[in-house]
Amino acid sequence: MWKPLASMLTAALALSATLAQAQAPLRIVVGYPPGGSSDRVARIVADKLGAKLGIAVLVENKTGAGGRLSAQYVKSAPAQQPTLLLANPAVMLVAPLVFADAGYDAERDFRPLSHVNDYEFGVAVASAVPVRELSHLVAWLRANPHQANFGVPATGSLPHFFALMVGDAAQVRAEAVGYRGSAPLLTDLIGGQLPVAFDSFDSLLPQHEAGKIRILAVSSARRSPLAADIPTFREAGMDLVATGWNSFFAPMSMPKTQAERLAGLIHQLMQDPDTRRQFMAAKMAPVAASMAQTEAMLRAYRAQWAPVVQRSGFKP
């Protein structure tokens, strides 16, 4: 029992020494603005990882192009500047499928480290929109086609593709309005500039609980334990289930041994009860996955979602 713990401690000390000798902080790059779910994940892990390594772990928000700028930035990170990417399916699955040149190859330019959380999607309306059920929203959109716009945190994001799936199922044609992350999306939704929004459930839930917006349905197979009063899409009459994730990746410029050590430390952190409590307090479902488990998850996810993205015919 003690040998694995001793080995892990030795690896952590060796990694800390390597980074300290380089006199460079470890950077975690996120492709979305502060305040969104990806940013919250990065900051929880950065604080924990920094304490374990004894060095500064900084979160950098490289926004733009639906998260692609963050991947392009990390891909080009020099080996002497230790940098990780926290990415979701929009960056690592969707963009490489829909852009002729995304500026990176998700499978060749990055090494998957650790899958740290899953999330569902929700559809929400501004408090002034006179609907309280998904079926009412569909009827309202059909009756008000000139207002049939929906906001998403980024065009080409998984909430965007899920919204297209909902539109197809409801036989409603609507225009997507892409934002630079969840924070500005929610600002417009709360302010009434936007009638409907699709986003990750954890981003929508605090504003729903505050009474500023109304979530009509969640994309999970079962009701969320965080909000048991909100029905699933299946319960609301649409046979749709979808989830997303956040995972850490290292650029191929990072030495493999260093990447493996960081993967092990993040996996260890995600098993820590306090880390898991912080995730749950932030309305997020924590996942503790090894490097091998993360690679297997990514393969299965690509097999499931690549056909969905390709069939949508989405063009940026």
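How many helices and strands are there in the chain? The chain has 11 helices and 10 strands, where helices (H or I, at least four residues) and strands (E, at least two) are DSSP runs numbered from the N terminus. Before going further, keep in mind that this is a predicted model, in which local features need pLDDT of at least 70 and side-chain atom pairs count only at pLDDT 80 or more, while totals for chains, interfaces and linings use all residues. Residues are numbered from 1 along each chain as its sequence is written, and side-chain values use heavy atoms, with hydrogens and water left out.

Let us start with the overall form. The C-alpha trace spans about 65 × 40 × 35 Å along its principal axes. For 316 residues, a compact globule would have a radius of gyration near 20 Å, and the chain agrees because its own value is 20 Å. That radius is taken over C-alpha atoms, and the globule rule is 2.2 Å times the number of residues to the power 0.38. Of the 316 residues, 52% are buried; here buried means under 20% relative accessible area, exposed means over 50%, and partly exposed is in between (1.4 Å probe, protein chains only). The chain exposes about 13,900 Å², with carbon and sulfur atoms supplying 53% of it. Accessible areas come from the Shrake-Rupley method with a 1.4 Å probe, and for residues only the protein chains shown count as cover. If we take contacts (heavy atoms within 4.5 Å) between residues at least 6 apart in sequence, 76% of them join residues at least 24 apart.

Now for the charges. There are 29 positive and 23 negative side chains, and the centres of the two sets lie 3 Å apart. Lys and Arg count as positive and Asp and Glu as negative, while His and the chain ends are not counted; the place of a charge is taken as NZ of Lys, CZ of Arg, CG of Asp or CD of Glu. Side chains of opposite charge can pair when their charged atoms come close. A search of the whole structure finds 14 salt bridges, each being a side-chain nitrogen of Lys or Arg within 4 Å of a carboxyl oxygen of Asp or Glu.

One of these joins Asp-109 and Lys-75, with the closest N and O atoms 3.8 Å apart. Asp-109 is buried at 18% relative accessible area, whereas Lys-75 is partly exposed at 35%.

Another salt bridge pairs Lys-283 with Glu-209, their closest N and O atoms being 3.4 Å apart. Lys-283 lies in the loop between helix H10 (273-281) and strand E10 (285-286) and Glu-209 in helix H8 (residues 201-209), so this pair ties together parts 74 residues apart in sequence. Lys-283 is partly exposed at 23% relative accessibility, and Glu-209 is partly exposed at 46%.

A further pair, Glu-235 and Arg-223, meets at 2.8 Å, N to O. Both residues sit in the loop between strand E8 (213-218) and strand E9 (243-251), 12 residues apart. Glu-235 has a relative accessible area of 47%, making it partly exposed, and Arg-223 is partly exposed at 36%. Elsewhere, salt bridges that share partners join Lys-48, Asp-272, Asp-274 and Arg-277 into one network.

What about a charge without a partner? Arg-111, in strand E4, is buried yet has no salt bridge, and the nearest side chain of opposite charge, Glu-260, is 6.2 Å away. Leaving aside residues up to four places away in sequence, Arg-111 touches several residues, including Phe-248, Phe-249, Met-252 and Met-291.

Phe-249 is also one of the residues touched by Ala-87, along with Met-92, Trp-245, Asn-246 and Ser-247, again not counting residues up to four places away. Ala-87 is in strand E3 (residues 83-87) and is buried, with a relative accessible area of 2%.

Finally, a look at the backbone. Most residues other than glycine have a negative phi. Ala-65, in the loop between strand E2 (57-61) and H3, has a positive phi near 55° and is partly exposed at 32% relative accessible area. Gln-171 likewise has a positive phi near 55°; this residue is in the loop between helix H6 (158-170) and strand E6 (175-178) and is exposed at 67% relative accessibility.
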